[in-house]
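Me: I would like to learn how to read a structure like the one shown below. Please take one feature at a time.

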Amino acid sequence: MSPERWEKLKGELKDKFSDIKEENGELDFGPGDFERLSFTGPMGKIRLDFITRPAVIDKKTTTSRRVGAGVAVDYVYSQDDFIHKLQVYKWNDATSDWDEIKASMFGE
């Protein structure tokens with residue numbers, strides 16, 4: 001999803017739902033940031049995460065021939081290229097946690 005489409009979607013959701021909570025932050029698992037919208041819709045509690053990360057342009061693996069030595073992987077990130085991803089979650093009351101809604105759940 002492009003940033004322009006994300007902004008349009010945010011505007012549409014803000015017009016439709018009054019209880020929208022917005023959050024912004026940095027990712028815990030590498031460089032990048034996220035925008036999060038949470039609201040209650042006809043399906044229940046919904047959360048949308050729009051993630052922006054720099055593209056990986058190279059991966060360097062460092063190994064050693066010693067027994068028991070570990071492997072280190074260093075990623076080289078682009079300064080200009082970014083990857084955008086939208087993740088959708090629905091609140092599950094039974095587990096008290098967010099369940100990801102994947103596009104494959106809606107058919108082919």
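This is a predicted model: local features need pLDDT of at least 70, side-chain atom pairs count only at pLDDT 80 or more; totals for chains, interfaces and linings use all residues.

Me: What does F39 touch, not counting residues up to four places away in sequence?

Reply: F39 touches L13, F17, D19, I20, G44, K45, I46 and L48. Of these, L13, F17, I20, I46 and L48 are listed in the core along with F39.

Me: Where is D49, and is D49 buried or exposed?

Reply: Burial is read from relative accessibility, and a residue under 20% is called buried. D49 sits in strand β3, which covers residues 44-62. Its relative accessibility is 4%, so D49 counts as buried.

Me: With which side chain does the side chain of D49 make a polar contact?

Reply: The partner is the side chain of R36, at 2.8 Å. A polar contact of 3.1 Å also joins the side chains of D49 and R47. Beyond four places in sequence, the contacts of D49 are E35, R36, K85, L86, Q87 and Y89.

Me: Is R47 buried or exposed?

Reply: R47, also in strand β3, counts as buried because its relative accessibility is 13%. Setting aside neighbours within four places in sequence, R47 is in contact with R36, L37, S38, Q87, V88, Y89 and W98.

Note on methods. Residues are numbered from 1 along each chain as its sequence is written. Side-chain values use heavy atoms; hydrogens and water are left out. Helices (H or I, at least four residues) and strands (E, at least two) are DSSP runs, numbered from the N terminus. Buried means under 20% relative accessible area, exposed over 50%, partly exposed in between (1.4 Å probe, protein chains only). A polar contact is a pair of N or O atoms within 3.5 Å; within protein, one must be able to donate a hydrogen and the other to accept it, and residues adjacent in sequence count only if both atoms are side-chain atoms. Contact means heavy atoms within 4.5 Å. A nonpolar core is a set of buried Ala, Val, Leu, Ile, Met, Phe, Trp, Tyr and Cys residues joined through side-chain atoms within 4.5 Å.
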